[in-house]
Structures are given as C-alpha cells and as structure tokens.
Amino acid sequence: LIHFYKRRSEMAEWDLTPKLGPYLDRHLVFPLLEFLTVKEFYDEVDLLRGKLDILSKTSMVDFAMDVHLSLYPDQDVPAYLKEKRISVLENLKQLQAETEPIFKIFEDPEVTRQIEQSRDSKQLLDFLVKGYNFKPEMIDTCYRFAKIQYECGNYQGASEYLYFHRILVQSTDPNYLNGMWGKLASEILLQNWEWALNDFNRLKQFIDDSVFGSALQTLQQRTWLLHWSLFVFFNHPKGRELIVDLFLYQKQYLNAIQTTCPWMLRYLSTAVVINKSTRRNVMKDLIKVIQEESYTYQDPITSFIEDLYVN
C-alpha cells in the first residue's frame, strides 16, 4: 500500500518501509507506520488507511474502530467490525476457560522449579502428565491461546504462553517454528531486547540446523530473520557489533542479502559507520560488498561511502 501514498517529503523517496513490510509480521509494521506519521513523510490520511487495512487482518478490533473514527468521524462504526469484536471476545473467553487449568498447573512452585531446571521437553512433559494430570493436547491449547493473545495485541500474554509451548513441544511439531517466530515478535513489541536477542539466536540456530523442503524455503526463512533482526540489533547495546557479524561475515546471510534484499546494505553500512568494531578491515570488506551490489542497489548512504573511500 505504501507505494501509493502521497509523499510530503523528499525523504520518502528513500524510505525502505515498502521493501521491509513484506518480510515483517503485520504487527511489526505498526511501529514503522507510527514513525512515518511522526516524520510526516506521507499524507496522514493515507497512513491511517494503511493502518486500518492492516488492522482489519488482526483481532485488534478496538484499535481498528479508533482508526476508523479518525478517518471517518461522521460515520458509524461498520457492522463488520462490531460483529468481529463479538466473535473475538467469544473465542477469547472460550480459550481462557480452556487454559485456566493449565495456568494453575504452571503456578505450582514445584512445576516452576522443574521448568527452570529442565532441559528436556519430553522429560518435563512426562513429569507434568504423571504428577499434575497434564494432557498432551494442552500444549496445542497453549499455542492457540498465545496466538489469539498476540492477534489481540496482548504481547505479554502471548510471550508467556509461547514460552510454555516451546519448553513442552517437540521440535518436530508443526507449530514449533511458528511459535518461535511468535515469541520473537512478542519480545520485540514488548521492547524486551535481552529476551528478544535470546529468541533471535534460538530461532537462527533452528533455521541454520534445519533441512527445509527446499533451498528456496531456507533462503526465505533467513530473509525474514534478517529483516526482523533490525529491531533487535538497533536497540540492543551489543546490536551494532552483532549486525556486522551476521550481515557481513556469515556467508549464508550475506548471500541472502545479495540474492533477495540488497537494501539491507543500508543498515549494515550504518552499523559499520557508527560502531567501533573490534574487527580489522571492516570498512574495506563493506566497500567490497557495496561495489559488488552497486548495479542492483544504491542509496545515499552506500553511495556516500563508495564516493568517500573509492571515488
């Protein structure tokens, strides 16, 4: 949508939100739209329409109603939003009832101690089944409850139940990878950068160690991870060093940048300039990559570095 927004600033020409958006969960796009609203790069009405379009695909119905009111102050809230609100609340109430016995189990001090000490999901599950009448299908209930919490914008609740889901589920479970992505998104949106970095590293290891259906699927997973990493790396104290290591010196991720998303070189370039790296020859290595990709991607930052050090 943002490709068609009316520009109110020349800076909009270099705005990468249209490039980043397709690789982000829709909830992660909201902070970007808020930033663009403050900067006044685009027409405010266009941005509100974009928010409403994204919100319509989530369960954040009250937020959608507020945006609709801002856009159309003389109109009533559409019937479909009112109906959706009723449906979401009913679904949430049902899942809350299903998760209540699970929550009581996890509140038990002995269960908490076992969770903190256990490193084996199967062993922990056996402990819960034998001692607390925990049923294996409750794992899926945790996931479904976390998912609706996330869709409603309750990222704290989503984070907690996705944590319970991850420590109990086997890595072969169909929802294991989805749960890891959801946990990372929740921590990013909560701005818990230490937890977000831990979840990022855990997800990266899983992607790197897994055999997906094809090389293309692996490339897609890495491309998504590169985009999500920007939130973590530009907020965590050690992030600028970590982004240089991942984007420039881990071959499979540099290959992903060169193949699918050369615009990520802007963020790599920025990190190299503002970070005093412990590595030698970082700028030289960066310039080499910028020159290799200059025929597919250039922007004011990469061009400036190339002009300064080469031309």
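Colleague: How much space lies in the second largest pocket?

Modeller: Keep in mind that this is a predicted model. The second largest pocket holds about 410 Å³ of space. Its lining has 16 residues, and Asp25, Tyr143, Asn178, Trp181 and Gly182 sit closest to the centre. Helix H8 (138-151), helix H10 (176-190) and H12 each give two or more residues to that lining.

Colleague: And how do the lining residues of the second largest pocket divide by class?

Modeller: There are 8 nonpolar, 5 polar and 3 charged residues in that lining.

Colleague: Let's turn to the largest pocket. How much space does it have, and which residues lie nearest its centre?

Modeller: The largest pocket has about 670 Å³ of space. Its lining counts 21 residues, with Asp15, Leu20, Leu32, Phe35 and Tyr267 nearest the centre. By class, the lining comes out as 15 nonpolar, 4 polar and 2 charged.

Colleague: Which elements supply at least two residues of that lining?

Modeller: Four helices do: H1 (17-20), H2 (26-39), H12 (215-233) and H15 (265-274). H2 has the largest share, 4 residues. Notice that H12 turns up here and also in the lining of the second largest pocket.

Colleague: What does the side chain of lysine 183 make a polar contact with?

Modeller: Its partner is the side chain of aspartate 199, at 2.9 Å. Leaving out residues up to four places away in sequence, lysine 183 touches Ser159, Leu162, Tyr163, Arg166, Trp195 and Asp199. Among them, Leu162 and Arg166 also line the largest cavity.

Colleague: Which residues have the most contacts inside the largest nonpolar core?

Modeller: Phe106, Phe134, Phe247 and Met264 do, in a core of 101 residues. Take phenylalanine 247 as a case: beyond four places away in sequence, it touches Leu226, Ser229, Leu230, Phe233, Leu254, Ile257, Met264 and Leu268.

Colleague: Last one, the backbone. Where is glutamate 40 found, and what is its phi?

Modeller: Glutamate 40 is in the loop between H2 and helix H3 (44-55). Its phi is near 60°, a positive value in a residue other than glycine. With 46% relative accessibility, glutamate 40 counts as partly exposed.

Colleague: And where is glutamine 191 found?

Modeller: Look in the loop between H10 and helix H11 (193-209). Glutamine 191 also has a positive phi, about 60°, although it is not a glycine. Exposed means over 50%, and glutamine 191, with a relative accessible area of 55%, is therefore exposed.

How values were computed: Residues numbered from 1 in each chain as written. Predicted model: local features only at pLDDT ≥ 70, side-chain atom pairs only at ≥ 80, totals over all residues. Heavy atoms only, no water. 1 Å grid on protein atoms, 1.4 Å probe; cavity = no way out; pocket = protein on both sides within 12 Å on 5 of 7 lines; lining within 4 Å. Points joined across faces, edges and corners; volume = space filled by probe spheres on them. Nonpolar A, V, L, I, M, F, W, Y, C, P; charged D, E, K, R; others polar. Polar contact = N/O pair within 3.5 Å; in protein donor to acceptor, adjacent residues only side chain to side chain. Contact = heavy atoms within 4.5 Å. Core = buried A, V, L, I, M, F, W, Y, C linked by side-chain atoms within 4.5 Å. Buried < 20%, exposed > 50% of the residue type's maximum accessible area, 1.4 Å probe, protein only.
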